[in-house]
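Have a look at it first, and then read on.

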Amino acid sequence: MDGLHLRSGIPREKLSEFHGNSFMERCTSCRVEYFPDFEVESVGLKETSRRCSNADFDLKLKDTVLDWEDALPPEEMNPAHAHCEKADIVLCLGTSQRSNHSVM
Ligand SMILES: [Zn+2]
């Protein structure tokens, strides 16, 4: 959620931000992601004070950080599944995440 993975240079398309990124906003209509230089002021997929620059819509952006009751977003889960299917090994460090594909 701290955005450090993206800042380290990992391309966005190779990263699944399961719990969101506090430095990212997303348009709920066209799904374009914005990366302001500051931390977004809300969590829980709420509207922020900024709007999408897509001229076809006049929609506010929403933060991308999940609150406790929010489900993991499919746009992050689907690529993560695809990446895991291609991987020879998956390391889960520092998480309580569990997998059905664990190999001991
Ligand atoms: Zn938009």
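A word on the ground rules. The model is predicted, so local features need pLDDT of at least 70 and side-chain atom pairs count only at pLDDT 80 or more, while totals for chains, interfaces and linings use all residues. Residues are numbered from 1 along each chain as its sequence is written, and side-chain values use heavy atoms, with hydrogens and water left out.

**The zinc site**

Let's start with the metal. Cys27 (SG), Cys30 (SG) and Cys52 (SG) coordinate the zinc ion at 2.2 to 2.3 Å. Donors here are N, O and S atoms within 2.8 Å of the metal (3.2 Å for Na, K and Ca), and because water is not among the atoms, sites may look incomplete. Along the chain, the zinc donors are spaced as C-x2-C-x21-C.

Buried stands for under 20% relative accessible area, exposed for over 50%, and partly exposed for anything in between (1.4 Å probe, protein chains only). As for disulfides (pairs of cysteine sulfur atoms within 2.5 Å), a search of the whole structure turns up zero.

**Charged pairs**

How many salt bridges does a search of the whole structure find? The count is eight, where a salt bridge is a side-chain nitrogen of Lys or Arg within 4 Å of a carboxyl oxygen of Asp or Glu. Here are three of them:

| Pair | N to O distance |
|---|---|
| Arg12 and Glu76 | 2.5 Å |
| Arg26 and Glu76 | 3.2 Å |
| Arg50 and Glu41 | 2.9 Å |

Take Arg12 and Glu76, whose side chains meet in a salt bridge. This pair links distant parts of the chain, 64 residues apart: Arg12 sits in the loop between α1 (4-7) and β1 (25-27), and Glu76 in helix α2 (residues 74-86). Helices (H or I, at least four residues) and strands (E, at least two) are DSSP runs, numbered from the N terminus. Both Arg12 and Glu76 are buried.

Glu76 also has a salt bridge with Arg26. Arg26 is in strand β1 and Glu76 in helix α2, so this pair ties together parts that are 50 residues apart in sequence. Arg26 is buried, as is Glu76. Through shared partners, salt bridges join Arg12, Arg26, Arg31, Glu33, Glu75 and Glu76 into one network.

Arg50, which pairs with Glu41, is partly exposed, with a relative accessible area of 22%.

Now for strand β4 (residues 60-63), where Asp63 is found. Asp63 is buried but has no salt bridge, and Lys46, the nearest side chain of opposite charge, is 5.8 Å away. (Lys and Arg count as positive and Asp and Glu as negative; His and the chain ends are not counted.) What does the side chain of Asp63 reach at 3.5 Å? That would be the backbone nitrogen of Val43. A polar atom of the Asp63 side chain also lies 3.1 Å from the backbone nitrogen of Val65.

Leaving out residues up to four places away in sequence, Asp63 touches several others, including Met24, Gly44 and Thr48; contact means heavy atoms within 4.5 Å.

Gly44 itself is in the loop between β2 (33-34) and β3 (47-51), and is buried at 17% relative accessible area. The C-alpha atoms of Gly44 and Lys62 are 8.8 Å apart, with the two residues 18 apart along the chain.

Methods
Lys, Arg positive; Asp, Glu negative; His and termini not counted. Polar contact = N/O pair within 3.5 Å; in protein donor to acceptor, adjacent residues only side chain to side chain.
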